[in-house]
Amino acid sequence: MSQENTVHTVQERQERRRGMKIIMIVAVLAILVLLLAAWFISTQRRLVRIDENLTNALKQIDVQAQSRFDSLTAINHLVKRYDSHEAETLEKIISARSRGSGTAMAAEEMQTAFDTALGRINALVEQYPQLKADGNYQRAMAAVNEREDQVRTARMVYNDCATKLNRELKMFPTSLIAGMLGFSERGYLMMEAGKMGAVTME
C-alpha cells in the first residue's frame, strides 16, 4: 500500500510538473504574441506618420505652386500691354498646369510648366525694359520669388520624408511587413542645381 502511495505521489508530481511546463510554454508564447503585436502596431503607426508627412508636403507644394501661378497670371496681364501674342502663349502654359492631383508626377509637371512660363517672361522683360521697371511687375515678381522659396522648402521636406520612408521599408524586419501593410517606396522630386537659388528679376 505504501509503495502504491509512493508511485501515485510520484505520478502526481510528474503531472504537476508537466502542467507547469505547459503553463510556462503558453505564458511565453502569449508574451511573444503580445510583443509581436505591439511591434506590428508600432511599425504600422510609424509608417503611417511618415506617409502622412509625405502627403502633407505634396499638398503644400500644390498650394504654393498654385499661388505662384496666380502671380504669373498677374504678370501676364501686364505682358498683354506689350506683346499680345506672347501673352496668349503664356496664358495657355499657365492654364494647362496640373491642378490639385497631389502626386509627385503632378508636382514635377507643374514645376516644368512654371519654368517654361518664367523663362518666357524673363526673355520678354529683356525686350521691354519698361515692363521690368513697372511697379506692378516688380511686386508680382516678388510674390513669385516668395512662393518659389516656399515651394522649394516643401520639395525638400517631401524628399526628406521620402528618404525616411524608403529607408524604413528597406530595413529588416520592417521590410517583412511593409508590403502587406500597403506601403511602397516613393520617388524623389528633382532639385536641380540651377533652381536651388531664388528666382531673379533679371
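Confidence in this predicted model, given as pLDDT (the predictor's confidence in each residue, from 0 to 100), is lowest among the helices of the protein chain in α2, and highest in α5. Helices here are DSSP runs of H or I, at least four residues, numbered from the N terminus.

| Helix | Residues | Mean pLDDT |
|---|---|---|
| α2 | 84–95 | 82 |
| α5 | 135–170 | 89 |

The protein chain averages a pLDDT of 82, and 86% of the residues score at least 70. Over residues 193–202 pLDDT stays under 50, and the model has 24 contacts beyond four places in sequence for them; contact means heavy atoms within 4.5 Å. Where pLDDT is low, the predicted coordinates should not be read in detail.

Residues are numbered from 1 along each chain as its sequence is written. Local features need pLDDT of at least 70 and side-chain atom pairs count only at pLDDT 80 or more, while totals for chains, interfaces and linings use all residues; side-chain values use heavy atoms, with hydrogens and water left out.

The axes of α3 (residues 104–127) and α5 cross at roughly 150 degrees and come within 13 Å. The two helices are therefore roughly antiparallel (angles over 145 degrees). Residues of α3 including F114, L118 and I121 meet residues of α5, among them M141, V144 and V151. This contact divides into 11 nonpolar, 2 polar and 3 charged residues.

The whole structure has 2 aromatic pairs (ring centres within 6.5 Å). One of them joins F69 and F114 edge-to-face, at 6.1 Å centre to centre with 85 degrees between the planes; edge-to-face means over 60 degrees. F69 lies in α1 (residues 2–79) and F114 in α3, 45 residues apart.

Definitions and conventions: Axes fitted to C-alpha atoms, helices over the stretch in contact; angles between N-to-C directions. Parallel < 35°, antiparallel > 145°, perpendicular 65-115°, else oblique. Nonpolar A, V, L, I, M, F, W, Y, C, P; charged D, E, K, R; others polar. Phe/Tyr/Trp six-rings, centres within 6.5 Å; stacked < 30°, edge-to-face > 60°.
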